[in-house]
Amino acid sequence: MRTVEKLLEWLEKPNAVLLWIGLLAGVAMMLHVAVDVTGRTVFNRPFAGTTEIVAGWYMIAIAFLPWAWIAERDNHIVAGMFEHIGGPRFSFWLEIAVKLFTIGFLYIFTWQTWVRALQQTRAGEVWEAAGGFIAIWPSRWVLPIAGASMGVYLVLRVIRDLGRYFRG
């Protein structure tokens, strides 16, 4: 069990790094949009490619990179309608079941997004913008990275939780 605890502790740093990258993407998006709006309204010159960069880069990082950090703190969305049915034992097993279901979903999500990221990387995916083309294929890798990081963390959490439960 100590190994699992150490691994969970070790994963806190990469999870925090992914969160901070997502936060920096949010700040960069706000600055980028502010420059675009200012350029468009004050100088009558919009910043080319803002919509494409926001949709293809910033929003992806903001939405997906914090997943493992959110799972680490149990801050994901929960439907508490079943929590009051049983006692602590029921709540524990319900939480384990939800984590296992989430792990299954993340496995499929990570696998499919990895396949798609590989395809788009090989194709050199770009989006056309007013000023030319914007490479989008690198941002496709954010999804499998986010899914895998959350999945690994949840697997270790289930192992730790079950170990604690059966140890008493």
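Predicted model: local features only at pLDDT ≥ 70, side-chain atom pairs only at ≥ 80, totals over all residues.
Two aromatic rings (Phe, Tyr or Trp, the last by its six-membered ring) make a pair if their centres lie within 6.5 Å; planes under 30 degrees apart count as stacked, over 60 as edge-to-face and the rest as tilted. By that rule, the structure holds 10 aromatic pairs. Residues are numbered from 1 along each chain as its sequence is written, and side-chain values use heavy atoms, with hydrogens and water left out.

Take Phe64 and Phe109: their ring centres sit 6.0 Å apart with the planes at 20°, so this pair is stacked. It ties together distant parts of the chain, since Phe64 belongs to helix H2 (residues 50-64) and Phe109 to helix H4, 45 residues apart. Both Phe64 and Phe109 are buried (under 20% relative accessible area, with a 1.4 Å probe and protein chains only). Together with Trp67 and Phe105, they make up one aromatic cluster.

Next come the helices, which are DSSP runs of H or I with at least four residues, numbered from the N terminus. H4 (residues 88-123) packs against H5 (residues 142-167) at about 155°, with the axes 8 Å apart; axes are lines fitted to C-alpha atoms over the stretch in contact, and angles run from 0 to 180 degrees between N-to-C directions. H4 and H5 are therefore roughly antiparallel to each other, the label for angles over 145 degrees.

Key. Helix = DSSP H or I, 4+ residues; strand = E, 2+ residues; numbered from the N terminus. Parallel < 35°, antiparallel > 145°, perpendicular 65-115°, else oblique. Buried < 20%, exposed > 50% of the residue type's maximum accessible area, 1.4 Å probe, protein only.
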